[in-house]
Amino acid sequence: MTTMKMANVRRMIIVSVSYIISLTAAAYFPGKSSFFLPRSRLSSRLADAASPPSFDEKAFEADRLAKDAQAMKEMSEVATQEFAKLRTPWKWRIRKAVWDYLEDKNLAQYPRPVHHRIPNFMGADDAAENLASLPEFQAADMVKVNPDTPQRHVRHLVLENGKTLLTPQPRLRTGFFQFLKHGTAAIPPHVPIASLTSSKGAAEYGTPITLYEKYTVDLVVVGSTAVCPKTGARVGKGEGFAELEWGILSQQGNLDASKVLVVTTVHDTQVFDGGVEEPWKSLMDQQGKDGEEDDASSQTPFGSLTQHDVPVDIIVTPTQIIHVPDETKLPKPSGVYWDLLSPQKLAQIRVLQELKRRTEEDLGESLPSGPDEVLPPTASRNRKGRGGGGRGVRGRGRGRGSGRGRSV
């Protein structure tokens, strides 16, 4: 195509687009001669013209993708070493080793890369089926499940078995929890269960609940990046929401921290094997060479947990079910550890701000705040490629006292 023809095509495209925009502007703003309007006036007129939807799926998805894109930008701007300095080193080393290994060996499914997220491991659905065979699952009426992708089939099985699913808003950024139970007036039997198990489905069909409603959680399912089968120590993705949710539920009396079991589903390679196979062998070898064990020991890369960390009772993989021994299992926390909760994290979560305000009113005094922190980036949602390499003194009379510093 000649340069002149290409120029003509470009002119035609510009004229066509301009004409369409003109017609649209005329439809919304009859009698106005100005082609462009100030952003504020345009937004106002469009809002007035639109009918309020019950659930705007496009807006929900656009918001999620925008946040993920921003997170990827942040990950490229902030060096991995800087986050290693700000987080508990042993947890960071484990995260990066497991994330890298799952990516290198192609043991992960979409969304990729797995870095900065709960990895969607190969065989996640098989692990979910194994979890559903547990007597503890079968006896539970209400099951809280994290909103991450690898536990999506767990959420499906909860609903399919006639149980009530309690699932949090992702990152608690827009609310608290939602109830879902299939075959009810709120969710009739004709609604496909598969449509309920995503974050969008939970937002559309779920019943939002407040901080002060009464209900009882029978079983908690969490996602993990890595777990220790001896102590139940768990490493997540570093944002601390599983602990915050546990802290809120236990403080509000919706969950008995001394009795409720915590189950996780992971790939077999995400379970610490003593350093026999990868990624654990290289991790232990490097730990020995560096001589920087922090709280970790020469026998394990897992260090001491902080007070708010929630260990697991049962580890379920695609091939096995592991019960953490009672004699070596770590204790669970209870309540929200306000002295470990940074102002930055508190500022992100409205439900925590409300809980703190109400607790301070009840106590008649101010609660402590945790140390400042730089929050880690969240994950990108690409189908290919690799990425780079926190939570709960509470209300008085609950839990185990003040902590020794916030650590993720």
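This is a predicted model: local features need pLDDT of at least 70, side-chain atom pairs count only at pLDDT 80 or more; totals for chains, interfaces and linings use all residues.

The side chain of S198 comes to 3.0 Å from the backbone nitrogen of G201.

- S198 belongs to the loop that runs between β3 (177-180) and α9 (199-205).
- With a relative accessible area of 18%, S198 is buried, because the limit for a buried residue is under 20%.
- From this loop position, the side chain of S198 reaches the backbone nitrogen of G201.

**The nonpolar cores**

- The largest nonpolar core has 39 residues, and the members that touch the most others are L166, F176, Y215 and L352.
- At least two residues of this core come from each of β3, β5 (219-223), α10 (241-251) and α13 (350-363).
- Helix α10 makes the greatest contribution to this core, giving 6 residues.
- In soluble globular proteins, nonpolar side chains tend to be buried together.
- F176, one of the residues with the most contacts to other members of the largest core, is in contact with T167, P168, Q169, I209, T210, L211, Y215, I248, L249 and V351, when neighbours within four places in sequence are left aside.

**The pair α6 and α8**

- The axes of helix α6 (residues 124-132) and helix α8 (residues 152-160) come within 8 Å of each other and cross at roughly 35°.
- The crossing of α6 with α8 is right-handed.
- On the α6 side, D125, A128, E129, L131 and A132 take part, and they meet H153, V154 and L157 of α8.
- Sorted by class, the residues in the contact between α6 and α8 are 5 nonpolar, 1 polar and 2 charged.

**A124**

- A124 is part of helix α6.
- A124 counts as buried because its relative accessibility is 3%, where the limit is under 20%.
- Residues touched by A124 are Q109 and P150, with those up to four places away in sequence not counted.
- A124 and T317 are 193 residues apart along the chain, while their C-alpha atoms are separated by 7.8 Å.

Conventions:
Residues are numbered from 1 along each chain as its sequence is written. Side-chain values use heavy atoms; hydrogens and water are left out. Helices (H or I, at least four residues) and strands (E, at least two) are DSSP runs, numbered from the N terminus. Buried means under 20% relative accessible area, exposed over 50%, partly exposed in between (1.4 Å probe, protein chains only). A polar contact is a pair of N or O atoms within 3.5 Å; within protein, one must be able to donate a hydrogen and the other to accept it, and residues adjacent in sequence count only if both atoms are side-chain atoms. A nonpolar core is a set of buried Ala, Val, Leu, Ile, Met, Phe, Trp, Tyr and Cys residues joined through side-chain atoms within 4.5 Å. Contact means heavy atoms within 4.5 Å. Axes are lines fitted to C-alpha atoms, for helices over the stretch in contact, and angles run from 0 to 180 degrees between N-to-C directions. A crossing is left-handed if the near helix is turned anticlockwise from the far one by less than a right angle, and right-handed if clockwise. Ala, Val, Leu, Ile, Met, Phe, Trp, Tyr, Cys and Pro count as nonpolar, Asp, Glu, Lys and Arg as charged, and the others, Gly among them, as polar.
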